[in-house]
Structure formats: structure tokens, C-alpha cells
Amino acid sequence: MPAPVLMLLNRPSLDADPLDAAAPPHASLDPRSPSVNVLDLGVTRGDGIFETISVASGRPQALEPHLARFARSATMLELPAPDLDAWRAAILAAIDQHDPVPEAMLKTVLTRGVEGASAPTGWVYLEQSADFRAARAEGIRVVTLDRGYPSTVQQSAPWLLQGAKTLSYAVNRAALREAARRGADDVIFTTTDGYVLEGPTSTLVLRAGRELVTPPTDFGILPGTTQASIFEYAESVGLATAVKPLTPRDLATSDAAWLVSSVRHAAPIRELDGVARDIDTALTGDINAHLLARVT
Ligand code: PLP
């Protein structure tokens, strides 16, 4: 397994102080050595944001949509805006430094910094991806779990930060442990008013006839970069696409369904709440081939 790569950004935002006025824009560090201050608000409060980007044969995929979403999350948390040129440069430097591999996972992290200081903390971490061939080809078992909020949460309680990609993912991890207790691999969250949302780290896409459908992001879900790529691909091969509210019944009666995300890509759902489902092997294969072949 090739060594992972860590790049620390000296000035992750032009709206805030650098870590060190004399240091270069980014520096490579040993990821096995401690690098983050124990008083960093990302560590002590989960107060920060991140992106996870797939890298295929050295190409960062959907890089600009990921950077745009990173900036959007920063706005939602009132963090200093990330300097996207600095982040892009650190990302490309990290990829350059990593041994070539077919698939890698790159994380960008921006925190509010050390409590009481005025410099945010930012880093890029890159490692070879786990092997997702089984999830892509054979599918995953999924359970629906109540997220505890109505579909209007983003409008009625924006401070809950639903739809931002924050470092506070302990709830998402707890949901995955609950799925494991129920004999499943993954989760689809539902609202208290009867709609399906997204996975803890993925977007729901389903097929009804010749149409692919995903739930609206104003229900407090993350705008998925993979879902956007899949919809572009679907339209290019003559499938219709739609964004609309979906109920658990729409999901249960769909012709096929996937949880889609960067790195794992499209994982077809082969079991929903204990009930076996057919997977659309041909379309899944085409979608994943398309996702892996993306040049931008
Ligand atoms: N929804 C949530 C909550 C996520 O954390 C993620 C990604 O990690 C996604 C959806 C899928 O987004 P993307 O396709 O951009 O990876």
C-alpha cells in the first residue's frame, strides 16, 4: 500500500491570518506524526467542514463542484471563505506526491482553528481507496432510519446545518452502527413528515421507468457531486432526470435504487429494510464506468 500524503495549508483563507507569515502556501507533513493542535476547534467541537474527492488515475474528479460545495459549507458555518486557488494547488501537489494508483481518496478539511487564535486550520489528505468492487457490483443492504427532522428543517432551523458538509459526523457514524446492528451496510434517512432524504455519506438516486430521480436539496440534504455527474450522464444517453420529493413507498416501488457518492461511486441497493430487491446490473455498470472515466 503506497504511503498516504498530507499537505498542510499555511493560509487556507485570504480572509483570515496565515499560520506563519513566512511559510510557503502548503507543506508536506508525515501523516503518521501528530499535526493538529489539541485545542483545534475541529477536534474539540467538530467545528469545521470537509470534502471527500475521488482521484482516478491521478485525476481529481468533479474538483470544481467539490470546491464550490466546500465554499458553500464555509458560508453556512460562517467560516472564513477558503482560498480556492490555494486549495486547488495543495490538492494537485498532494496527488503529484502520491505513488500512482488506480483509485485514491482525497480529503480537504478546514476548521475554525485553535480556540482563541485567528488562523483557521486546513489540510489535504490523500490515500489509496478501499476496494469497493463488491459494493458496486453486488450491491448493498440498506435500512431506512428516522433523522428526526421535518423536510422543512433547513428553513425552520438553519442553525442545525442540515445540508452542510461539517466535521460533526458522529451522528452519521452512529446511524451506520445502527444499520450494522440491523444486519445492513448503509442507511437512508427519512424525515418526520414522510419523505426519504440521503445516506449518511451518499445521495439517493432511484429509477422509475426511464427516469432517474433524487430528492430536493432544500429538504436539508447535501447537493451530491456524484448525483450531478450521474444525471449528466443519464441525460446524455436519453434517460430523463428529475428532482422531486420521494416517499418511502416511491423508494420501495422503484425499479432500481442506488446510494451514490465520491469514491464508492454508485452502490446498487440489493436489500431495503430486510426485503430483497433487483439491481439494475447493466445501468450500474455503465454509470460506474462513466464515473471512473471522468477527466474533470
Ligand atoms: N450526502 C452526504 C451527507 C454526504 O456526506 C455525501 C458525501 O460524503 C453525499 C451525500 C454524496 O456527495 P458526493 O457525491 O459529492 O460525494
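Predicted model: local features only at pLDDT ≥ 70, side-chain atom pairs only at ≥ 80, totals over all residues.

Reader: Which hand is the crossing of H2 and H3, left or right?

Author: The H2 and H3 crossing is right-handed. Helix H3 covers residues 84-97, and its axis lies 11 Å from that of H2. The two pack at about 135°.

Reader: What do you call H2 relative to H3 at that angle?

Author: Oblique. Angles of 65 to 115 degrees count as roughly perpendicular and those over 145 as roughly antiparallel, so H2 is oblique to H3.

Reader: And H7 with H9, at what angle do they cross?

Author: Roughly 110°, with the axes coming within 10 Å. H9 is residues 281-293. That angle makes H7 roughly perpendicular to H9. The H7 and H9 crossing is right-handed too.

Reader: Switching to the ligand. Which residues come nearest?

Author: There are 17 residues around the ligand, and Arg69, Lys165, Tyr169, Thr225 and Thr226 come nearest.

Reader: Where are the polar side-chain atoms of arginine 69 and tyrosine 169 relative to ligand oxygen?

Author: For arginine 69, one lies 2.7 Å from an oxygen atom of the ligand. For tyrosine 169, the distance is 2.6 Å. Threonine 225 also has a side-chain N or O atom 2.6 Å from a ligand oxygen.

Reader: How much of the ligand's accessible area does the protein cover?

Author: 95% of the 380 Å² that the ligand has on its own.

Reader: Which elements give two or more residues to the shell?

Author: Helix H2 (63-76), helix H7 (225-236) and strand S12 (256-261).

Reader: How does the shell divide by residue type?

Author: Four nonpolar, 10 polar and three charged.

How values were computed. Residues numbered from 1 in each chain as written. Heavy atoms only, no water. Near = heavy atom within 4 Å. Polar contact = N/O pair within 3.5 Å; in protein donor to acceptor, adjacent residues only side chain to side chain. Areas by Shrake-Rupley, 256 points an atom, 1.4 Å probe, with all protein chains shown as cover. Helix = DSSP H or I, 4+ residues; strand = E, 2+ residues; numbered from the N terminus. Nonpolar A, V, L, I, M, F, W, Y, C, P; charged D, E, K, R; others polar. Axes fitted to C-alpha atoms, helices over the stretch in contact; angles between N-to-C directions. Parallel < 35°, antiparallel > 145°, perpendicular 65-115°, else oblique. Left-handed = near helix turned anticlockwise from the far one by under 90°.
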